Amino acid sequence: MKGPSARWLGIDTLTKIRRDQLGFYTDMRANYGDVVPLRLGPYRSWLLFHPNQIEVVLASKADQFIRFERMMKVLRQWNGESLFIAEGQSWHNRRRKVLPAFAQRKMPAYEAVFQQVAEDWVKRLSDRADTAGDVHLDADEVFAQIALDIALRTLFGGGFSDGMDQVSRHIKVLSEVAFRECANPLTLPDFLPLPKKRAKKAAMTFMRDLVQDLVEVRLNGPAGEDLLQVLIETHAGDKQEICDDAMSLLIAGHETSGAALSWMFALLADHPTALYQCQREVAETTDIGEMPFLRAAVDEALRLYPPGYTLFLRQAKTDVDVAGVRIKKGELLQIIPYMTARDPRFFETPDRFKPERFMAPPTWPFFANIPFSAGPRVCTGHKFALKEVSIIAAELLRAFHPRLSGAFPTPEPKFSLRPRGGLPMVWQNR
């Protein structure tokens with residue numbers, strides 16, 4: 001199987017990835033097909049683009065792979081041994097404990113929080129309108145704030161309105177650190193007196209102290225009715241396990257939901273007919289279950305711009321056959337939902353925003369569209385996230401008419417897929 005040059009340990013390949021990551025993936029599939037071998041420093045790596053291969057790695061032989069330890073080591077610095085990080089039996093045990101937090105019977109309480117947050121933000125943003133009724137904003141920043149507000153309320157029972165900007169700033173630092181340290185083969189030691197190292201240390205200390213203090217207060221006080229209380233009960237009061245999972249849910253949950261909302265609103269603003277159909281639905285009912293086109297628009301936005309545009313690298317624990325591709329022990333595999341969900345073999349006009357494709361039974365293989373991953377390690381909170389995005393979108397579309405302030409944004413691969421330079425928009429009060 002052919003791939004790009006492996007000379008100089010793939011330094012030229014790493015340079016191309018850093019320069020234009022999504023463009024690199026596009027070129028690799030166009031030039032080499034579904035299976036592309038790469039040399040990345042000391043590692044032999046594979047890009048896998050076909051759903052049949054993806055199913056093997058994520059589902060049928062998932063136990064023969066682990067996430068690349070170098071990446072997990074970076075995230076472990078602040079996530080500890082959380083469900084997000086753990087492997088093997090430790091992961092199975094943690095997943096079994098955390099699943100009750102996202103049980104269906106818990107959803108009505110979470111949906112009530114989503115609704116309250118949406119109403120609060122409608123009022124807050126309406127108060128910012130100018131005399132023409134327009135709200136000028138960076139929608140990407142606003143959606144990050146809304147998602148963080150939800151994460152704080154559902155986890156800890158409070159919105160932290162006074163300190164939310166500080167929490168948001170430190171989480172942003174950690175997201176940037178995660179992307180930078182995961183992408184670079186060499187990382188400078190943290191003791192160096194550099195501005196980025198000081199920012200990293202300050203962010204880690206702030207977030208660790210915040211979560212530990214909140215957990216300590218709850219352990220020594222009355223029970224609550226939030227995700228934290230579920231974690232306390234399922235982890236039998238083990239403070240470290242509670243803190244690790246609370247930190248992961250706080251950071252990862254808000255990162256994904258905020259990005260999903262940004263891309264959905266950018267797409268709707270760029271497609272007036274779809275926007276009108278969503279606004280008609282939200283004007284006719286307040287029941288999110290009776291808004292099929294809105295939900296289809298959410299699914300289509302996630303197909304085109306999945307926040308998790310590439311999954312964490314997998315590493316083979318042993319020699320393994322992946323749908324006819326012989327992978328040796330220690331080799332790395334990369335799965336890229338952004339690419340697979342735009343494959344013209346499975347999606348008609350794959351680069352077009354067509355929510356109606358999700359209003360009929362799927363015509364594509366299941367593993368062709370996996371915005372929340374798939375298999376045993378599918379995102380634990382994916383149903384939570386879909387309801388969150390749908391309810392927030394419905395309330396905002398009921399109150400505002402969104403318009404792009406400039407051209408449609410260019411996707412920028414960071415820790416999640418974000419609009420490069422933010423998302424300048426004008427929302428007009430309806």
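**Aromatic pairs and a helix crossing**

Trainee: Is Tyr110 buried or exposed?
Mentor: The model is predicted, so local features need pLDDT of at least 70 and side-chain atom pairs count only at pLDDT 80 or more, while totals for chains, interfaces and linings use all residues. Residues are numbered from 1 along each chain as its sequence is written, and side-chain values use heavy atoms, leaving out hydrogens and water. With a relative accessible area of 4% (buried is under 20%, exposed over 50%, partly exposed in between; 1.4 Å probe, protein chains only), Tyr110 is buried.

Trainee: What type of pair do the rings of Phe84 and Phe312 form?
Mentor: The count comes to 17 aromatic pairs (Phe, Tyr and six-membered Trp rings with centres within 6.5 Å; planes under 30 degrees apart are stacked, over 60 edge-to-face, the rest tilted). In the pair of Phe84 and Phe312, the centres are 5.7 Å apart and the planes stand at 70 degrees, so this pair is edge-to-face.

Trainee: How many residues apart in sequence are the parts that this pair ties together?
Mentor: Phe84 sits in the loop between α4 (69–79) and α5 (88–98). Phe312 belongs to the loop between α13 (292–304) and β5 (314–316), so the separation is 228 residues.

Trainee: What type of pair do Tyr110 and Phe384 form?
Mentor: Their ring centres are 5.3 Å apart. The planes stand at 65 degrees, so the pair is edge-to-face.

Trainee: Which helix holds Phe384?
Mentor: Tyr110 lies in helix α6 (residues 107–126), and the pair ties together parts 274 residues apart in sequence. Phe384 lies in helix α15.

Conventions
Helices (H or I, at least four residues) and strands (E, at least two) are DSSP runs, numbered from the N terminus.
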